[in-house]
Amino acid sequence: IDPTTHAARRDLADIALAGRVFSQHYAVPMAMRVATATAVRCAPQAASGAVETLAAGDAFHVLDLARDWAWGYGDASGSVGYIDAAALAMP
């Protein structure tokens, strides 16, 4: 399993990966839209490296939302990472 394209951490994983990876919890992703362009980052920190940039209107599937960061994956490339939660809008 590649953590850059498969949403799996030790504590949480996409329900689609159940049976393929072991995690403490599994979640059904919540599809949301990006309201303003934002970077998908490796870690929940503004200084963390960017994996890709999502444009306004792109879909982002949220598995974890904590404080100011959402963890999940983008629709277009499937890149897994963290985005600024303020950049999200309901679908």
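Modeller: One definition to begin with: patches are made of residues with over 30% relative accessible area and no salt bridge, where like charges are joined within 9 Å and nonpolar side chains (Val, Leu, Ile, Met, Phe, Trp, Tyr) within 5 Å. Accessible areas come from the Shrake-Rupley method with a 1.4 Å probe, and for residues only the protein chains shown count as cover.

Colleague: What should I know about the model and the numbering?
Modeller: This is a predicted model: local features need pLDDT of at least 70, side-chain atom pairs count only at pLDDT 80 or more, and totals for chains, interfaces and linings use all residues. Residues are numbered from 1 along each chain as its sequence is written, and side-chain values use heavy atoms, with hydrogens and water left out.

Colleague: Which residues form a nonpolar patch on the surface?
Modeller: I15, F22, Y26 and V28 do. Together they have about 450 Å² of accessible area.

Colleague: Where does F22 lie?
Modeller: F22 is in the loop between β1 (13–14) and β2 (26–27). Strands here are DSSP runs (E, at least two residues), numbered from the N terminus.

Colleague: Is F22 buried or exposed?
Modeller: F22 counts as exposed because its relative accessibility is 74%. The cut-offs: buried is under 20% relative accessible area, exposed is over 50%, and partly exposed is in between (1.4 Å probe, protein chains only).

Colleague: New topic. How many salt bridges does the structure hold?
Modeller: Two. A salt bridge is a side-chain nitrogen of Lys or Arg within 4 Å of a carboxyl oxygen of Asp or Glu. D11 forms one with R9, with the closest N and O atoms 2.9 Å apart. D64 and R9 also meet in a salt bridge, at 2.9 Å from N to O. That pair links distant parts of the chain: D64 is in strand β6 (residues 59–66), R9 is in the segment before β1, and they are 55 residues apart. Through shared partners, R9, D11 and D64 join into one network.

Colleague: Why is R9 called buried?
Modeller: Because its relative accessible area is 19%. D11 counts as partly exposed, at 35% relative accessibility. D64 counts as partly exposed at 25%.

Colleague: On to the strands. How do β6 and β7 run?
Modeller: Antiparallel, joined by six bridges. Two strands pair if DSSP finds at least two bridges between them. F60 stands opposite G74 in β7.

Colleague: What sits in the loop between β6 and β7?
Modeller: R67 lies there. That hairpin has two residues between the strands. R67 has a positive phi of about 55° although it is not a glycine. R67 counts as exposed, at 83% relative accessibility.

Colleague: And what joins β7 to β8?
Modeller: Five bridges join β7 (residues 69–74) to β8, and the two run antiparallel. Y82 in β8 is the bridge partner of W71. Their hairpin has five residues between the strands, and G78 takes a positive phi near 80° there.

Colleague: How many residues of β7 are buried?
Modeller: Six of its six. In β8 (residues 80–84), four of the five are buried.
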